[in-house]
Amino acid sequence: MEVIVYTNMGRTLLFENVTNFGFYAQGFEFDYVGASTSKVRHANFNNTSVAGYATTDIKTKSGAK
């Protein structure tokens, strides 16, 4: 799946080949394959630095009720 992260500083970050997307108490994290390096990497975003995100996979669910 693809994930687009919108930062509080106005940047837009695109991640492709995302797996293991999940939420934790302070934010969200996932694994992805680097476009320029082809290496598998892990990303971790804190909610205080992110304005929002978009994903092509509707299966992600928030832990909030």
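At 2% relative accessibility, F28 counts as buried, a term that means under 20% relative accessible area with a 1.4 Å probe and protein chains only. The model is a predicted one, in which local features need pLDDT of at least 70 and side-chain atom pairs count only at pLDDT 80 or more, while totals for chains, interfaces and linings use all residues. Residues are numbered from 1 along each chain as its sequence is written, and side-chain values use heavy atoms, with hydrogens and water left out.

Leaving aside residues up to four places away in sequence, F28 touches V5, F21, G22, F23, A43, N44, F45, N47, V50 and Y53, where contact means heavy atoms within 4.5 Å.

A search of the whole structure finds 13 aromatic pairs; rings of Phe, Tyr and Trp (its six-membered ring) pair if their centres lie within 6.5 Å, and planes under 30 degrees apart count as stacked, over 60 as edge-to-face and the rest as tilted. The rings of F15 and F45 are edge-to-face, because their planes stand at 70° with the centres 5.9 Å apart. F15 lies in strand β2 (residues 12-15) and F45 in strand β5, so this pair ties together parts that are 30 residues apart in sequence; strands are DSSP runs (E, at least two residues), numbered from the N terminus. F28 and F30, by contrast, form a stacked pair, 6.4 Å centre to centre with 15° between the planes.

| Residue | Relative accessible area |
|---|---|
| F15 | 10% |
| F45 | 13% |
| F30 | 0% |

Ring pairs link F15, F21, F23, F28, F30, Y32, F45 and Y53 into a cluster.

Terms used
Helix = DSSP H or I, 4+ residues; strand = E, 2+ residues; numbered from the N terminus. Buried < 20%, exposed > 50% of the residue type's maximum accessible area, 1.4 Å probe, protein only.
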